[in-house]
Amino acid sequence: MFLHSVNLWNLAFYVFMVFMATLGLWDVFFGFEENKCSMSYMFEYPEYQKIELPKKLAKRYPAYELYLYGEGSYAEEHKILPLTGIPVLFLPGNAGSYKQVRSIGSIALRKAEDIDFKYHFDFFSVNFNEELVALYGGSLQKQTKFVHECIKTILKLYKGQEFAPKSVAIIGHSMGGLVARALLTLKNFKQDLINLLITQATPHVAPVMPLDRFITDFYMTVNNYWILNARHINLTTLSVAGGFRDYQVRSGLTFLPKLSHHTSALSVVSSAVPKTWVSTDHLSIVWCKQLQLTTIRAFFDLIDADTKQITQNSKKKLSVLNHHFIRHPAKHFEENPSIISDLTGTSMWVPVKVSRWTYVAYNESDKIYFTFPLANHRKIYTHVYCQSTMLDTNSWIFGCINSTSMCRQGVDLSWKAELLPTIKSLTLRLQDYPSLSHLVVYVPSIHGSKFVVDCEFFKKETRSIQLPVTHLFSFGLSSRKVVLNTSGLYYNIELLNFGQIYQAFKINVISKCSGVKEEITSIYKLHIPWSYEDSLTIAQVPSNTEISLKLHIAQPENDSHVALLKMYTSSDCQYEVTVKTSFSQILGQVIA
């Protein structure tokens, strides 16, 4: 009888554990947002021109090949070598195809056509014969050596050209990104053969499945080399993760180690990338149109006008990557932007003395400068916030120094703005700009289009609201809530006690609006200050919006920052924010 009851308890325990594991696996494989990536299409038939390798090389690596991607007239013209563009080498990952280069290669061709081929990129791709290197690591070293030979072969294709490249840029998908990093471990490899490395969904930290010692040894060799030689590695590297849609490679594995003396590396999740703002699965990261467009914009901004190749200036490379992948000010990239701008010309100057102001621009015949004197506002308020629904790249907000009602020159504050899906916004702490006498908002003359500009002054304490998350084992039975009663445009919800990977919550934002006839959009941005893994939710209000709250990277022990829910709201609506524990997502986080 005793043994029978013990067996029943054991059976019940195993059934419970299987149920918990199933719940966690369901969350990993199905508990994420729908795929919001747009498909990238080719405008002409894609062609892959096989590059002839030296006979000894072809004999040594009979299963591997090198291809040049092309379409239409470009493909026809470049069948006759040598080449004249900027070389980029694509490395596919585990079981990946060399044909995956077509999405980014096609977009690059369209961009080059737009500028009449003033500059253009030549996209090469390696055929690794779709080897399963994530399951068996015995081929990783061989792939690395072959890529080294490919780089030397590619550079020879430009021999004798006026602007012949001396290095290549590399895009590595999944394990292809690790192979690219492994190049630096080769004894006779020259680091200056690579000018830029971008990895997509590459598990840099550790293998997803350490099934054999070849994989673990390879990882140990690569990561130890990069850590021990960090002071001497000057290779600008960007790692892009797919976010929660990528259940094959958890985004936490893609973040390059943060070393104080290695400042040329960036890691970001695709949901945080400006103009992308979507999570990608492991395969769609190579064809996601939003992400590939961002990558190509960055590539063209990296070109040095003198050498007609990617710049060797490390500072510029990091500036470009920060501009396109971290924080976009809704301005075209400029290496040395003009901070002081002329505010002259035939324009109307309109003083604004109220603390909250809205202007609807429609068919404006004259340019208007709205000026906000700051002296009185400084006595009452700590911050000013402005936003505009006109998403052009022109400067729109300035600061005047020691001015009365108008100024001939202003400090261009537009570079400090942030681009969001439906607005560009700027928040300034007034005490950081003691020399500014006026804030100036510029409304250009427009015809046929309508946009709205808002500004408001506020005290920080009225817009920062603390919301402690619920206990891990509350199982979603209890919740905590805050209500935004005042009619502001911008709020920070401080999510206290949230900083661990195993935590997971559901946030509900209920918006109620009064007297609103037009459709209103609100933006809820989850901001994680210790890593670039922000995510955005766009809501048409009034609505009930659910947001998943979980992390890719845990908060470092010495980091005192607080995760924020940044809310870009409507002054006509009331918002109720509720947080409660999501047990199924906790299980998903633990299993992943």
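Predicted model: local features only at pLDDT ≥ 70, side-chain atom pairs only at ≥ 80, totals over all residues.
A search of the whole structure returns four disulfides. With the bonded cysteines of the protein chain numbered in sequence order, they pair as 1-2, 3-6, 4-5, 7-8.

Let me begin with Cys37 and Cys288, whose sulfur atoms are 2.2 Å apart. The torsion about their S-S bond is about -90°, so this disulfide is left-handed. Cys37 sits in the loop between helix H1 (2-30) and strand E1 (46-50), and Cys288 in the loop between strand E8 (265-269) and helix H8 (289-301); the pair therefore ties together parts that are 251 residues apart in sequence. Both Cys37 and Cys288 are buried.

Next, Cys513 is joined to Cys573, with 2.0 Å between the sulfur atoms. This link is right-handed, at 100° about the S-S bond. Cys513 belongs to strand E25 (residues 504-513) and Cys573 to strand E30 (residues 573-581), so the bond connects parts that are 60 residues apart in sequence. Is each end buried or partly exposed? Cys513 counts as partly exposed, at 24% relative accessibility, whereas Cys573, at 5%, counts as buried.

A further disulfide is formed by Cys400 and Cys407, at 1.8 Å between sulfurs. Cys400 is buried, with a relative accessible area of 1%, and Cys407 is buried at 8%.

Finally, I turn to Val320, which is placed in helix H9 (residues 314-325). Val320 is buried, with a relative accessible area of 0%. Leaving aside residues up to four places away in sequence, Val320 touches Ala298, Asp301, Leu302 and Phe333.

Definitions and conventions
Residues numbered from 1 in each chain as written. Heavy atoms only, no water. Helix = DSSP H or I, 4+ residues; strand = E, 2+ residues; numbered from the N terminus. Buried < 20%, exposed > 50% of the residue type's maximum accessible area, 1.4 Å probe, protein only. Contact = heavy atoms within 4.5 Å. Disulfide = S-S within 2.5 Å.
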